[in-house]
Amino acid sequence: MTDRLYYTDAYLREFDATVTRVGRRERDVLVTLDRTAFYPTSGGQPFDVGTLGARRVLDVIDEDDGSISHVVEESTPGGAPLQIGDPLHGTIDWPRRFDHMQQHTGQHVLSAAFERVAGGRTVSFHLGAASATIDLAREVSPSEMAAAENEANRVVWDDHPVSIRFVGAEEAASLPLRKEPSRGGTLRLIDVDQFDLSACGGTHVSRTGAIGIIAVAASERFKGGSRIEFVCGGRALARFRSLRDSVASVGRLLSAGGDDLPATVERLQAEAKEHKRAVAGLQTELARYRAEELASSPEEIRLKRSDAASEAPLVRLVARAIDADANGLKALATAVSRKPGYVVVLVSTGRPALAIVSRSPEVSLDASAVLTALLATFGGRGGGRPDVAQGGGLDGTSDEILAAARATLLA
């Protein structure tokens, strides 16, 4: 068993201990101490990092036998291997620890607020590197989220004391715990004075005022309930700065103040839709004229036929390289193939290339089969119907692709 110093003093930043075990797990060097202030990953809270002597602590593991293993660097330059009985001085990465303390205590307060205000019971908690989440057993409305957020911050600003106490299972059964404990024996309780009482092994601030602020960042439906993302203290300040800088940057680009941004964006979206409609109309008109130009100089060919008893009819082939995107190629091919007796193969001038195969309604040709043959030769992806098919990512020049298309089509 390892004496867990963080159980009684989460503010302990340095400590002295003795090595009780040194081992390996795969490539990791694991060190066990008689006492430690390093918190292991547990209960939704990540592990602490820091140093043991001159070695960096990379991970902290809660073992099944009640001990705590510290994953440390292999060795230090000129340093001797660790031995049982060696004294070590441990130092916690305090900014990381205090951040976790703010988020975890904030979770207790926010979970209690959701339960009090909206009857939303917390079923799980996760503390990530950038934000934390709680999962509630029921969906909550925006107004309920705002009410819970206000109640949680009232408790923060009232600066309630947060205390730790240990009780047996019998005493715990008589206490108003927010959540029924998942194990028996002696329980460690975190008591947010006059607001929340929960069994928890994590690290917490000593007063709610140290949380700073609790801000709900986002929410989504999750497994029949709600997943609430939140940030506390320093994370909330960092998130505000990021949002402030983003709003200021967008405001400069749009020549609008923060309060005017929604209306400005809405106006720009409406203008963009109108411009898109106008451009689409012009592209259709241009495609009609370009299609007339393409259709005016076709090649006359006979298509391959599986039935050799009869001669294939002549068709007009338009096979060209065009500087256009997928929509432009499709518009041109469709416009030409509306005319009777045409087969159209258009390829973009870029590489990897786009290709579209189209034919007039009365022409007996499977356009998708022609495209499949091109994809088999040049790679890429695509598909379509017998009358029109398109693909992209063809690794070949436009001349090479058009030559392959002609070879596939010609008798």
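Author: Arg-154 and Glu-151 form a salt bridge, with the closest N and O atoms 2.9 Å apart. A salt bridge here is a side-chain nitrogen of Lys or Arg within 4 Å of a carboxyl oxygen of Asp or Glu. This is a predicted model, where local features need pLDDT of at least 70 and side-chain atom pairs count only at pLDDT 80 or more, while totals for chains, interfaces and linings use all residues. Residues are numbered from 1 along each chain as its sequence is written, and side-chain values use heavy atoms, leaving out hydrogens and water.

Reader: Where do Arg-154 and Glu-151 lie?

Author: Both are in helix H2, residues 142-157. They sit three residues apart, about one turn of the helix. Helices (H or I, at least four residues) and strands (E, at least two) are DSSP runs, numbered from the N terminus.

Reader: How accessible is Arg-154?

Author: Arg-154 is partly exposed, at a relative accessible area of 36%. The classes are buried under 20% relative accessible area, exposed over 50%, and partly exposed in between, with a 1.4 Å probe and protein chains only.

Reader: Which salt bridge links two strands?

Author: Arg-165 with Asp-191, at 3.8 Å, N to O. Arg-165 is in strand E11 (residues 162-167) and Asp-191 in strand E12 (residues 187-192), so the pair ties together parts that are 26 residues apart in sequence. Arg-165 is partly exposed at 29%. Asp-191 is buried at 17%.

Reader: What about H5?

Author: Arg-267 bridges to Glu-271, with closest N and O atoms 3.2 Å apart. They are four residues apart in helix H5 (residues 261-295), about one helical turn. Arg-267 is partly exposed at 43% relative accessibility. Glu-271 is partly exposed too, at 34%.

Reader: Which residues are joined into a network?

Author: Glu-151, Arg-154 and Asp-158, through salt bridges that share partners.

Reader: How many salt bridges by this rule?

Author: The count comes to 24.

Reader: New topic. What's in H8?

Author: Helix H8 covers residues 398-409, 12 residues in total. From first C-alpha to last it reaches 16 Å, close to the 16 Å expected at 1.5 Å a residue. That expected span is 1.5 Å times one less than the number of residues. Its buried residues are Ser-398, Ile-401, Leu-402, Ala-405 and Leu-409.

Reader: What do the buried residues of H8 pack against?

Author: Strands E16 (299-302), E17 (314-322), E18 (342-348), E19 (353-359) and E21 (388-394), plus helix H7 (367-378). Contact means heavy atoms within 4.5 Å.

Reader: Take Val-357. Buried or exposed?

Author: Buried, with a relative accessible area of 0%. Val-357 lies in strand E19. Leaving aside neighbours within four places in sequence, its contacts include Val-344, Val-345, Val-370 and Leu-371.

Reader: Which residues have a positive phi although not glycine?

Author: Asp-159 is one, with phi about 55 degrees. Asp-159 sits in the loop between H2 and E11, partly exposed at 28%. Ser-255 also has a positive phi of about 55 degrees. Ser-255 is in the loop between helix H4 (233-254) and H5, and counts as exposed at 71%.

Reader: Last one. How do H1 and H4 pack?

Author: Helix H1 (residues 94-118) and H4 pack at about 95 degrees, with axes 7 Å apart. That makes H1 roughly perpendicular to H4. Angles of 65 to 115 degrees count as roughly perpendicular. Axes are lines fitted to C-alpha atoms, for helices over the stretch in contact, and angles run from 0 to 180 degrees between N-to-C directions.

Reader: Which residues meet?

Author: Asp-99, His-100, Gln-102 and Gln-103 in H1 meet Gly-233, Gly-234 and Arg-235 in H4.

Notes:
Angles under 35 degrees count as roughly parallel, over 145 as roughly antiparallel, 65 to 115 as roughly perpendicular and the rest as oblique.
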